[in-house]
Amino acid sequence: MKTTRFILLSGLLFLTIQGCIKNDQPVPGDYYVPSTLSMEAQKVLRAFPYKDTLEAYPGENDIAGWQKYWDYNEKKWQPYNDSLAKGFRAQIKDTMMGGTPVLDIRPANWKFRNKVLIYLHGGAYTLFSSGTTLMGSVPVADITGLRVVSVNYTNPPKFKFQQILNQIIQVYKALLDQGYKPSDIGIYGDSAGGALTAGSVLKMRDEGIPMPAALVLISPWSDITETGDTYHTLKGKDPVIAYGNSLNESALAYAPAGEHKNPYVSPVYGDYTKGFPPTLIQGGTKEIFVSNFVRHYQALDQAGIPVKLDLYEGMWHVFQEINSDLPESIVAQKKFRDWMYLYLGI
């Protein structure tokens with residue numbers, strides 16, 4: 001039996017018991033397991049037991065309530081992240097860039113290249129930090145061989161979307177001040193971080209700031225309004241994420257309801273005819289966010305932006321980070337690397 005691994009993303013807690021459930025056992029969450037998945041992925045999917053979430057997240061402006069829940073998650077998941085950093089032998093420096101805290105991450109045996117990636121972590125905006133989302137940064141540094149700057153933005157409701165986007169842009173400007181050119185910088189993010197990636201770059205463009213070379217959006221929460229076919233057709237069938245009284249509360253904490261269709265908040269509504277970097281969108285077909293991926297892809301494609309929609313049969317939210325050793329995950333990671341290499345000129 002493989003080692004039990006605890007994993008975390010999007011403000012929900014999950015236990016993945018890889019290889020522990022036989023193929024003839026029922027799936028605890030009644031999640032359909034397609035035979036088109038790799039055998040390894042089938043075993044993982046069969047092992048998703050439940051969505052272990054709160055009955056309700058704190059209210060949208062309950063700063064103390066969110067802080068308490070954030071503190072709880074940070075403490076719970078820090079040991080896992082410490083072991084991840086140790087396993088990859090990553091060089092991690094806690095520092096400031098542009099007045100914003102970041103983790104400056106370099107892979108083992110790192111050699112200087114005048115290229116850098118900015119990482120924007122997920123967690124429904126309201127949860128986690130750079131230190132508890134190393135699964136999205138440390139392996140990417142290892143796979144690409146590049147320096148990764150993970151932005152430790154201030155979680156809502158303490159900061160709202162305008163302030164968070166400004167923090168991201170200040171980090172980007174700080175890298176330009178370090179001598180990097182826009183063509184040397186790629187930005188990526190997962191889940192809420194995927195939307196932050198697109199939203200911050202839209203804001204850069206509109207403010208006349210030169211845009212980065214390339215983006216990768218991993219399972220992006222591109223529309224926080226719960227609009228789209230798969231929010232409904234896959235409701236209760238997604239083994240990782242649910243909207244209800246969890247993501248809904250996070251969305252309201254991030255931005256007031258009247259701003260939810262602001263392109264900086266929900267970038268699926270952006271005007272991409274004014275230009276945008278080449279963008280890779282990755283996701284799995286079990287996600288309630290599939291409509292986000294498709295609609296965002298169409299918005300970019302119809303504007304003539306180089307874009308690729310890279311979907312994976314039967315896979316779940318941010319699978320390539322949560323279960324990084326699966327065959328499907330390895331393919332997705334290579335495509336991520338190749339996309340960044342292509343547009344960064346490596």
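Which residue of strand 7 does Ile-118 stand opposite? In this predicted model, in which residues are numbered from 1 along each chain as its sequence is written, local features need a pLDDT of at least 70 and side-chain atom pairs count only at pLDDT 80 or more, whereas totals for chains, interfaces and linings use all residues. Side-chain values use heavy atoms, with hydrogens and water left out.

The residue opposite Ile-118 is Ile-187 of strand 7, where helices (H or I, at least four residues) and strands (E, at least two) are DSSP runs numbered from the N terminus. Ile-187 in turn stands opposite Leu-215 in strand 8. From strand 7 the chain passes through helix 5 (residues 192–206) to strand 8 in a right-handed β-α-β crossover, meaning that, with the strands pointing away from the viewer, the path from the first strand over the helix to the second runs clockwise. Two strands are taken to pair if DSSP finds at least two bridges between them; strand 7 pairs in the parallel sense over five bridges with strand 5 (residues 116–120), and likewise in the parallel sense over five bridges with strand 8 (residues 214–218).

Six of the six residues of strand 7 (residues 185–190) are buried, so strand 7 is largely enclosed by the rest of the structure; buried denotes under 20% relative accessible area, exposed over 50% and partly exposed in between, for a 1.4 Å probe and protein chains only. In a regular strand the side chains alternate between the two faces of the sheet. Here Ile-185, Ile-187 and Gly-189 point one way, while Gly-186, Tyr-188 and Asp-190 point the other way, and all are buried.

These strands belong to an open sheet of eight strands with mixed pairing and the order 3-4-6-5-7-8-9-10. Its edges are strand 3 (91–97) and strand 10 (307–312), each of which pairs on one side only. Strand 5 also pairs in the parallel sense with strand 6 (residues 147–151), over four bridges, and Tyr-119 has Ser-150 of strand 6 as its bridge partner.

Several loops carry backbone features of note. In the loop between strand 6 and helix 4 (161–177) lies Pro-157, and the peptide bond from Pro-156 to Pro-157 is cis, with omega near 0 degrees. Phe-128, in the loop between strand 5 and helix 3 (138–144), has a positive phi of about 80 degrees although it is not a glycine, and at 1% relative accessibility Phe-128 counts as buried. Val-318, in the loop between strand 10 and helix 9 (319–322), has a positive phi near 50 degrees and counts as buried at 0% relative accessibility.

The largest pocket holds about 190 Å³ of space. On a 1 Å grid over the protein atoms alone, a pocket is an open set of points where a 1.4 Å probe fits, with protein on both sides within 12 Å along at least five of seven lines, and lining residues have an atom within 4 Å of a point; the volume is the space filled by probe spheres set on the points. Of the 13 lining residues, Gln-67, Trp-70, Thr-154, Asn-155 and Lys-158 lie nearest the centre of the largest pocket, and helix 2 (residues 63–88) gives the most to this lining, with four residues.
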